[in-house]
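Please look over the sequence and the model before reading on.

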Amino acid sequence: MSANYLEHFSASMLQNLQEMAGMEAAASQPTGQETAFASQGFSVIIGITGKRPGRIILDTTQATACALSNTINGEECDEEFVLDTMAELTNIVSGNGITTVNNANPGMGLMLTPPSIFIGNELTIVSPKLNAEVVTVTTPLGPINLSIGFEGGK
Amino acid sequence: MDAALATPFIKAFFDLLPQLGFQQVKRGNLRVSEKMAVSLDVIAVVGLSQQLRGNVAYAMSQETAKKFASVMMMGMPVEQLDEMSQSAISEASNMITANAAMTLESQGISVNISPPTLVIGHGVKVRISQVQSLIVEIVTEAGVIDVILGLER
């Protein structure tokens, strides 16, 4: 599997932020992520199944999630709406990224699980036995971290 | 969701926990959860794909998590939910979900599972599914584990 798979996810993120929210954003270079990391307070987790199981985590603050949902929907924050919007954004970005990875690696057969969402102050997220990398997407509404991890090496 | 889908997960606890050193495994209450609910403090979430899609989360208090890890590690005292005990809980949730997936497979429902992710916090709000989820309590000597199921066929 190519080492720069994370770029497909961050490119999809930038494109979707542009299309859905009319927002210019920039992505950092991928860096390795510790097994345990502190959430900013709002996390969407999507599992990856297939030959190389793993998971995708979109992590941001509750304020950024709310502001982004407002910008995309043109409506004031309603918790349910924020959850649906952020889950769908993560779904779209993950779907685009995984399709590119599958196309580049025939036989990998990666599939996504539905998103789960966790909100709270001082959340720690732990992915034992995964090798994960993270990019920080800087948006006018605040930073969004996109982390992708797979079992057994990058 | 179809409440019958909970059965393979409950069976998995009864199959596996004795093998992991637990003396007591009982089924507690079953309840329907709000889509968004405040959970216990330590949550292991595993995603499912293919013919059954959704998430299953195993939620417990910090205290239960430490005792659970201690039982798994043959009674070794666990003062802190450190890397080793986090790994033990993650591994247990992986084994339980894989066991349930095999039962489902034998019923003709093919399921793939993702690696577990642990979320640790206090007063964590969780939404594991777009559908209403079910919570089944499993009572062990380490304490109560809430098995939160949000699955769709």
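The sections below treat the basis of the model, each chain in turn, the disulfide and some individual residues.

## Basis of the model

This is a predicted model, in which local features need pLDDT of at least 70 and side-chain atom pairs count only at pLDDT 80 or more, while totals for chains, interfaces and linings use all residues. Residues are numbered from 1 along each chain as its sequence is written, chains are lettered from A and ligands numbered from 1 in the order in which they are written, and side-chain values use heavy atoms, with hydrogens and water left out.

## Chain A

Chain A contains three helices and 10 strands. Helices (H or I, at least four residues) and strands (E, at least two) are DSSP runs, numbered from the N terminus. From that end, the order of elements in chain A is α-β-β-β-β-β-α-α-β-β-β-β-β. The radius of gyration of chain A is 15 Å, close to the 15 Å that the globule rule gives for 154 residues, so chain A is as compact as a globular protein of that length. The radius is taken over C-alpha atoms, and the rule is 2.2 Å times the number of residues to the power 0.38. The C-alpha trace of chain A extends about 45 × 30 × 25 Å along its principal axes.

Of the 154 residues in chain A, 51% count as buried. Buried means under 20% relative accessible area, exposed means over 50%, and partly exposed lies in between (1.4 Å probe, protein chains only). The accessible surface of chain A is about 6,100 Å², and 50% of it belongs to carbon and sulfur atoms. Such areas come from the Shrake-Rupley method with a 1.4 Å probe; for residues, only the protein chains shown count as cover. Among the contacts of chain A with a separation of 6 or more, 70% are between residues 24 or more positions apart; a contact means heavy atoms within 4.5 Å. Chain A has 5 positive and 15 negative charges, and their mean positions are 22 Å apart. Lys and Arg count as positive and Asp and Glu as negative, whereas His and the chain ends are not counted. The place of a charge is NZ of Lys, CZ of Arg, CG of Asp or CD of Glu.

## Chain B

Chain B contains three helices and nine strands, arranged along the sequence as α-β-β-β-β-α-α-β-β-β-β-β. The principal axes of the C-alpha trace of chain B span about 40 × 30 × 25 Å.

In chain B, 58% of the 153 residues count as buried. Chain B exposes about 6,400 Å², with carbon and sulfur atoms supplying 51% of that area. Of the contacts in chain B between residues at least 6 apart in sequence, 68% join residues at least 24 apart. The 11 positive and 14 negative side chains of chain B have centres that lie 8 Å apart.

## The disulfide

Over all chains, the structure holds one disulfide, a term for a pair of cysteine sulfur atoms within 2.5 Å. The bond joins Cys66(A) to Cys77(A), with an S to S distance of 1.4 Å. This pair links distant parts of the chain, 11 residues apart: Cys66(A) is in helix α2 (residues 62-73), and Cys77(A) is in the loop between α2 and α3 (79-104) of chain A.

The torsion about the S-S bond of Cys66(A) and Cys77(A) is about 120°, so the disulfide is right-handed. Cys66(A) is partly exposed, at 21% relative accessible area, and Cys77(A) is partly exposed, at 33%.

## Individual residues

Leu5(B) belongs to the segment before α1 (7-16) of chain B and counts as buried, because its relative accessibility is 6%. Leaving aside neighbours within four places in sequence, Leu5(B) is in contact with Leu52(B), Leu104(B), Leu151(B) and Arg153(B). Leu5(B) is 104 residues from Ile109(B) in sequence, and their C-alpha atoms are 10 Å apart in space.

Most residues other than glycine have a negative phi. Lys129(A), not a glycine, has a positive phi of about 65°; this residue lies in the loop between β8 (124-126) and β9 (130-139) of chain A and counts as exposed at 60% relative accessibility. Gln50(B), also not a glycine, has a positive phi of about 80°. Gln50(B) is found in strand β3 (residues 42-50) of chain B and is partly exposed, with a relative accessible area of 33%.
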